[in-house]
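Q: I would like to learn how to read a few local features. Please take them one at a time.

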Amino acid sequence: MSATLDKAAAENFPVAPVFLPRAWRDGLTAVYGYARLVDDIGDGDLAPGGHDAVLLGLDPAAVDDRLAMLDAFEADLRRVFGGTDGPPRHPLLQALRPVVRAHGLTPEPFLALIEANRQDQRVARYETYADLVGYCELSANPVGRLVLSLTGTSTPERIRRSDAVCTALQIVEHVQDVAEDLGRDRIYLPAEDLRRFHVTEAQLAAPSAGASVRSLIAFETERARELLNEGTPLVGSVHGRLRLLLAGFVGGGRAALRAVTAAGFDVLPGPPKPTKSGLLREVAAVLRTAPRKG
């Protein structure tokens with residue numbers, strides 16, 4: 001459990017910063033732990049030894065059967081929401097149960113994250129940008145919706161802005177992780193864009209990017225920036241510490257995009273990462289410029 005939560009430090013944005021009320025921090029940490037574990041199951045990144053499989057009632061060898069693990073994890077999730085065969089078995093889901101009860105959370109966003117990882121087992125390439133956005137609706141947008149639910153601030157307009165931010169952050173991550181994703185035989189850059197910029201899969205496997213790959217990455221970077229800009233008014237629609245948290249999400253995305261740009265859009269040697277000072281500057285800029293509403 002601690003190994004899963006430790007991965008929060010590697011994210012582009014703060015997961016549960018200390019300035020938040022304790023109840024929010026506990027909720028965000030539980031939701032992050034859930035989302036991280038689902039991704040680790042889907043990516044085959046669980047700790048060796050099969051302990052997670054045993055916790056979910058499977059044979060240790062099942063840890064390598066990702067679809068079986070996702071099915072067992074879904075069954076355990078349903079115990080969080082009052083399944084008939086007892087309480088959840090996995091510690092991260094046990095930690096999630098009081099959060100769900102305290103905030104009246106529904107199963108849908110949690111189920112969507114599982115479905116995104118099932119899709120990762122079946123789909124390794126995305127033909128169109130619309131296809132990729134559809135994936136982000138499962139893999140990223142539910143997290144933003146959960147943040148709004150945890151803080152009691154959900155409205156249709158905020159959900160729309162949150163979806164834009166979360167889809168942008170997912171695209172940012174795909175842009176940063178082109179080489180890592182290709183190592184898993186996944187390409188999240190739309191095939192229609194590869195053709196537009198005359199980029200082959202072999203070029204994505206090179207040690208560094210040529211001009212056509214850099215042009216493609218610059219295009220996807222600008223697309224993510226436009227989505228972030230569309231979602232930024234979300235920050236100005238809330239107050240207090242939540243405003244600072246959401247500015248952290250948006251600023252983290254902007255700082256990551258700035259790091260990609262500073263690398264000359266060459267993401268193939270490894271993901272360009274923002275510095276802490278760069279992140280703080282972007283967060284401050286979001287707080288300064290996000291229009292206040294309400």
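Q: Where is the place of E220?

A: This is a predicted model, in which local features need pLDDT of at least 70, side-chain atom pairs count only at pLDDT 80 or more, and totals for chains, interfaces and linings use all residues. Residues are numbered from 1 along each chain as its sequence is written, and side-chain values use heavy atoms, with hydrogens and water left out. E220 is placed in helix α13, residues 211-231 (helices are DSSP runs of H or I, at least four residues, numbered from the N terminus).

Q: Is E220 buried or exposed?

A: Buried means under 20% relative accessible area, exposed over 50%, partly exposed in between, with a 1.4 Å probe and protein chains only. E220 has a relative accessible area of 2%, so E220 is buried.

Q: Which residues does E220 touch, not counting those up to four places away in sequence?

A: Contact means heavy atoms within 4.5 Å. For E220 the residues are I171, V175, L189, P190 and D193.

Q: How many aromatic pairs does a search of the whole structure find?

A: A pair of aromatic rings is described by the distance of the centres and the angle of the planes. Rings of Phe, Tyr and Trp (its six-membered ring) pair if their centres lie within 6.5 Å; planes under 30 degrees apart count as stacked, over 60 as edge-to-face and the rest as tilted. The search finds seven pairs. In one of them, Y126 and Y135 have ring centres 5.4 Å apart and planes at 45 degrees, so the pair is tilted. Y126 and Y188 have centres 5.9 Å apart and planes at 20 degrees, so this pair is stacked. Both Y126 and Y188 are buried.

Conventions. Helix = DSSP H or I, 4+ residues; strand = E, 2+ residues; numbered from the N terminus.
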